[in-house]
Amino acid sequence: MAKYLVLIYGDEQQWEALTPEEQSANHAGHQTFTSAAGPRIVGGEELEPSSTTTTLRRTSAGDVSVTDGPFLETKEVLGGYYAVEADDLDEVIALARQLPELSMSHNAVEIRPVVDHSTSMP
Amino acid sequence: MDPSSHDVVRAVEEACRREWARVLAATARLTRDLDLAEDCTQEAFTQALQSWPVAGVPDRPGAWLTTVARNRARDALRREARLRTTLPRLVVADVVGAPGDAEPTPAIDDDRLRLIFTCCHPALSREAQVALTLRLLCGLTTADVARAFLVQESTMAARLTRAKRKIATARIPYRVPSPEELPQRLAAVLDVLQLVFTTGHSAPRGADLINSELLDHALGLARVLHDLLPHESEATALLALMLLTDARRASRVSASGELVLLADQDRSRWDSTTIAEGIDLLVGALGQRPPGRYAVQAALAAVHAEAPSWEATDWAEIVALYSVLARLWPSPVVELNRAVAVSMLDGPIAGLAALDRLLDEPALARYGYLDAARGDLLRRLERWNEAAAAYEEALRLTDNDVEQAFLRRRIAEVRTT
């Protein structure tokens, strides 16, 4: 088994413009997804809007600055994620295809393998 | 080296051409690690160079090589397992006998199919798909792959390393896609094979117009796909397209090495056996479902292959087929070919009007065949200066010596007329 992060990106303005019906349809979609994925989901959260982000960055002077806002100023932001365990990439792709965000054209889902430290040399 | 050693070396080279992909694919099934599988495959061929002069060439070289490569792989995995003091999770517990023991052949064929779907997985970039296919399924060296695709060897080496690393760390599976996934996944495989074929058909750079090695590899893999997936009509159609196109290989360059256009080729030199095979396959592919992109392209190649001369070609049929193709596969290159066909059906003015609509197409900005086609139509309209300018532009956009020589002849011709 390997662990993957399934990252859900989309246009924040369009997410905020969802009607209550669309929001509940989206919610239902995630319930379908989580029950389909079952125990393969080992973590996951929806994130608060990107306006609530705080960014830490090393400055040229050598200390760390604390600023308001996300790392990159774009309309498409990370909206939430799942941590999923699966045998291979195809299994994660098949699962992630069911995410309700993929029915909206402004969204994209990114799949990143998580480094497995357990098999490193002792 | 005594004469029999030469025979052995030739037998190893022959086995390398025929068996490389099978041996590698069968080894990859065991290791799930393409780098290790490649190393072990290479070692098996090295071992053959040492063993065969002494023990003789085995009856089934492929089985011998596969057994040696898989035994090497198993040893390597065991060593690695001992180092980690934990059992390797990927070692498959099947028994491999001594070299020469027969392995069931059907499983080896499935291995190659698995390998090609791994190399053409959609999670890899198209460049990586092509590079992996040539390196792992055709056994081309990294330098050869780099040369075919006009990049530095170091760039290609890095691309191959990155792709193999992604297969390993993201766990791109080594398997034939499920029936539901197959159509979409097969499309990527067919695209890659067509790209390899096209690159061999008109080499983008170098002294020769044709890279026969790439053509043969693309044809070989298309045959494997058709043999293993006989009911996938687009795989059948791609093989038909390649055969119908390749049947003209001998007539595309003159005895003195000059480019000969389709219009001027000696049709008696076209390979009628290959054309017949291509048409048989095409008929089979058209018998199933609505025709796909490759079936329409193969049908176009068939109309040309069956025409007694350039002038007597059924241009109405060609234009109609290009219109169908443009709907199935909207692409500026298809529009360009359609415009050329229109010029044959309705005259150069109509053709030029269709071509001029493509001048702002960003995808064709560096596509010299657009300028070459315009040059040809302007030449037929006796607009000499404009024709020369278009040929000059086409000349600027090709690095192939044979194409450059052809364009220089055309420029000289329109300048002196």
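This is a predicted model: local features need pLDDT of at least 70, side-chain atom pairs count only at pLDDT 80 or more; totals for chains, interfaces and linings use all residues.
Residues are numbered from 1 along each chain as its sequence is written, chains are lettered from A and ligands numbered from 1 in the order written, and side-chain values use heavy atoms, with hydrogens and water left out.

**Exercise 1.** Work out how helix 16 (residues 368-380) and helix 17 (residues 384-396) of chain B are oriented to each other.

*Solution.* 
- Step 1: grab the geometry. The two pack at an angle of about 160°, with axes 8 Å apart (axes are lines fitted to C-alpha atoms over the stretch in contact, and angles run from 0 to 180 degrees between N-to-C directions).
- Step 2: classify. Helix 16 and helix 17 of chain B are therefore roughly antiparallel (angles over 145 degrees count as such).
- Step 3: You get 7 nonpolar, 2 polar and 6 charged residues (Ala, Val, Leu, Ile, Met, Phe, Trp, Tyr, Cys and Pro are nonpolar, Asp, Glu, Lys and Arg charged, the others, Gly among them, polar).

**Exercise 2.** Which loop holds E382(B), and is E382(B) buried or exposed?

*Solution.* 
- Step 1: locate E382(B). It's in the loop between helix 16 and helix 17 of chain B.
- Step 2: E382(B) has a positive phi of about 60°, though it's not a glycine.
- Step 3: read the accessibility. At 55% relative accessibility, E382(B) is exposed (buried is under 20%, exposed over 50%, partly exposed in between, with a 1.4 Å probe and protein chains only).

Technical notes: Helices (H or I, at least four residues) and strands (E, at least two) are DSSP runs, numbered from the N terminus. Angles under 35 degrees count as roughly parallel, over 145 as roughly antiparallel, 65 to 115 as roughly perpendicular and the rest as oblique.
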